[in-house]
Amino acid sequence: MQQEFLRIYTKYMRRALIAGGAAGVLGGAAVTGALLLAFKLCAVEWGWYLYLAVFLAVAALCFLAAYLILLPREFALARKLDRVYSLDERVQTMAEFSADGGEMAVLQREDAADTLKNLPRRRSAGKAALASAAAALAVALFAAGIAVEQKRTAEPEPEPPYTVSAAALEALTALIENVEGDGALPDGVKELYTAALNALYSGLTGDDLSEELTAAYVQSTMYTISSSTIGWHTYDEFAYSLSSAYVNNTDEGAPLEALASALRSCAAALGDITISSYGALTALYDSLPSILYGYTETAGEALASAVTALDDSTLKTTLTLYSSALQNGLKADGTAACCDLLCEGLSFGDRRGEATSGNALYDAVYDFYYSISRYLVFYDAGTYSASKVTESLAGATSAGGDIYTLTVNVTEAMQPQAYVYCADNYIRNALAKAFGVEAVGYTPEDGSSLSASAGGDESGAGGAGGGGSGKELYPTQADIYNPETGEYTFYIEMYNDYYTAYLQDLLAGDEVSDETKAYIWAYLNSILAKRDEGDSSDTGG
Amino acid sequence: MENQTMKQTDNRVEAFSRAVAAIKEQIRKDVVGQDEVVDNVITAIIAGGNVLLEGVPGVGKTRLVRSLSKTLRLPFSRIQFTPDLMPSDVTGTNVIEKTGEGMNLVFQKGPIFANLILADEINRATPKTQAAMLEVMQEHKVTVAKQTYPMSEPFFVLATENPIEQDGTYPLPEAQMDRFMLKLLMGFPTEEELSDIVTMTQKTLDETAEAAVDGETILSMRALAQTVPVASGVLAYAVALVSNTHPELKKTSETAKKYLKYGASPRAAQALITCAKVRALMEGRYNVSYKDIDALALPVLRHRIKINYNAINEKLTVDDVIGLLLAENRKLAK
């Protein structure tokens, strides 16, 4: 390369290095400044070392790019010099023929070199202005990025901790007090209920609660409470107890008025029943003694009227049938004859396996009472009053005699179970209402065992007497023997079948068919057979 | 030794410059104005090419050649072309000469046998006579009766054309046109120039130019010019200019596609470079430049390309079209 051209070439290369360096620094500053500005305004926090890394990376890239672009190539520089300084292609000819030893080529090179020596200084005002503007922008961006304060994202306000509403806790407290003060609940049941409810209260006043957790606690408590219920068995218990009592006490009679009184007490003891027929039902019971003691046409008509006045069609139908049977029996046999028959100790067992006991009166009374009590068992316990039950039971007096004892025992045996059933439903519905959750609980379909905390006295009538001992009456819901299939099945399946069939027949026809009665007896007997077989502690005998 | 050679070359270049200056100085004594024409004629002579001069009568075409012949101290011959001029009138012919021994066939040289030929109104000659000029213009030799007679160098034909009188003229064929290195247009002098012409010719009508250089010097100058380097970019520029005159080529200029019927021959590219070298030296440079090519584009191309009806319709002359071609070509120089 010719010396003069080399000098210029070197100058351009130096210029490329300096320009590259400047481009690197300014590029790095501009990008870093822009990042600083953007991130600070958008509340993104970066460490200083990250910005430094960005600066260095961008600076290196910009330097390389600028240097490579500005780095002169020999022929390109030669052409550029010719063009910029109007050298008439002297320099590019010189560069191209730099190795040509011809005289003219040599002269040409010398001529070009002389021209290059005297090149005027040229400054591109436009380029200088552009470079200055770019540098100013880069510096401004960087300065702005440094100067701007870091924005920080606002901490989200912590949500207030979830707490159970005061009203719900108040309702729970009231419920606990109600249960604790309930004298009718068997001790075991009460203990379970109060423990469950107190545990619920304790859980709901703790920390780290949420709406979902609260609902879970409440419903878990509902399951605990429902586990003590054997409501589905209540009427079975009654039936069993009654039959057991009669069987056990056939040698001794009992005044019929005591029976009637007991029946009345039983009805009253069921408390505030929401069915609109309660008043009529009570009247019905009230008229029963007069029917039993001295049947008169008037009493009979009163009974018929009382049944007719019932607005529950199912019950009315049932009672209409049985009241007719009752009246017919009384008419036929007369009161004394009826009592005599009763006092002669008809074995309840005689009725087992048969549709009737042979004694129309007895059957009528039994059926009448049975249908009412069974109906009453399944009423909605939403308005059940525990205190009324307690009063009723407290008002029951002992007049001695087996029938009385029987009925009292039956009543007492029945009540706790019915009571527990009703209490269970009541408590669960109260909890559902207070906490706004669905009322849940065990059902016989679950196949879970229902422990009877009011299992009754072992020596009592059919294990259905007295306070609650928590004794399990039926091992499991599945352990119900179905005589038709010969297999054990869920209780509710069997009951539903019988009940549905019974009612269907009842509603469809004018009288209960013998087949239906036999169906019911068979069902009842199947339960009783299982009782006798499975539980030696039961003295239903 | 090397330095000595360099010095000689340098001297030759200096001598070149002095010779050109001297020629111009002498010609200016007889020819007023027409500087560009004079420069181009000198360029063509040094480059070894022929020139076609076109101009209206009385602008000084013949006077220029006469003055040039005096300046170059070269034998000059003027051939006035007329329709009845025969080829043998130009080249010469064999004549029978009676000698003491008997009769001999002797070749009588025609007026073409000179160094500097003025072929006046060449377009008035018949094509046959014009063809007779082709061989001598290109090859610098004449063949008569199978005998070849070379011209003495430097040999230079300066032909003139009268653009006005078209009756009784025979347009030069493209082949012959291509043999003219340059076609120069001698325009009407300006008022000032005319005033000078009138003043000068009142004194004398004869040319007053004196000899400045001789044939050897011209040849030496020609040899020196040939050594002038041409950068590849400049060469490509010249080649592209000639290529872009061809409308039939795939890669050609838009101007050629639109305005030209046919383009210049490769002789045009040769002429461009050869003359550009001379011109560079004449301007005191040791290399060819883009502006040399630009300056020679018109005289080199105007007689070698033909415009089409588009150009005629748009009232464009050949020179206008060449201007457009140059404009397109200049992008290459950037």
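Modeller: In this predicted model, chain B and chain A bury about 1600 Å² between them, with 66% of that area on carbon and sulfur atoms.

Colleague: How many residues does the contact take from each chain?
Modeller: Chain B provides 23 residues and chain A provides 14 residues.

Colleague: And how many salt bridges and polar contacts are there between chain B and chain A?
Modeller: There are two salt bridges. One of them joins the side chains of Lys291(B) and Asp88(A), at 3.0 Å from N to O.

Colleague: Which element gives the most to the side of chain B that touches chain A?
Modeller: At least two residues each come from α1 (2–30), α9 (232–243) and α12 (290–301) of chain B. The most come from α1(B), which supplies five residues.

Colleague: Changing topic, where is Asn287(B)?
Modeller: Asn287(B) sits in the loop of chain B between α11 (266–282) and α12.

Colleague: What does the side chain of Asn287(B) meet in chain A?
Modeller: A polar atom of that side chain lies 2.8 Å from the backbone oxygen of Asp88(A). The side chain of Asn287(B) also makes a polar contact with the side chain of Gln108(A), at 3.1 Å. Beyond four places away in sequence, the residues that Asn287(B) touches include Glu89(A), Arg90(A), Thr93(A), Val228(B) and Pro229(B).

How values were computed. Residues are numbered from 1 along each chain as its sequence is written. Chains are lettered from A and ligands numbered from 1 in the order in which they are written. This is a predicted model: local features need pLDDT of at least 70, side-chain atom pairs count only at pLDDT 80 or more; totals for chains, interfaces and linings use all residues. Side-chain values use heavy atoms; hydrogens and water are left out. Contact means heavy atoms within 4.5 Å. Buried area is the accessible area (1.4 Å probe) that two parts lose on being put together, summed over both. A salt bridge is a side-chain nitrogen of Lys or Arg within 4 Å of a carboxyl oxygen of Asp or Glu. Helices (H or I, at least four residues) and strands (E, at least two) are DSSP runs, numbered from the N terminus. A polar contact is a pair of N or O atoms within 3.5 Å; within protein, one must be able to donate a hydrogen and the other to accept it, and residues adjacent in sequence count only if both atoms are side-chain atoms.
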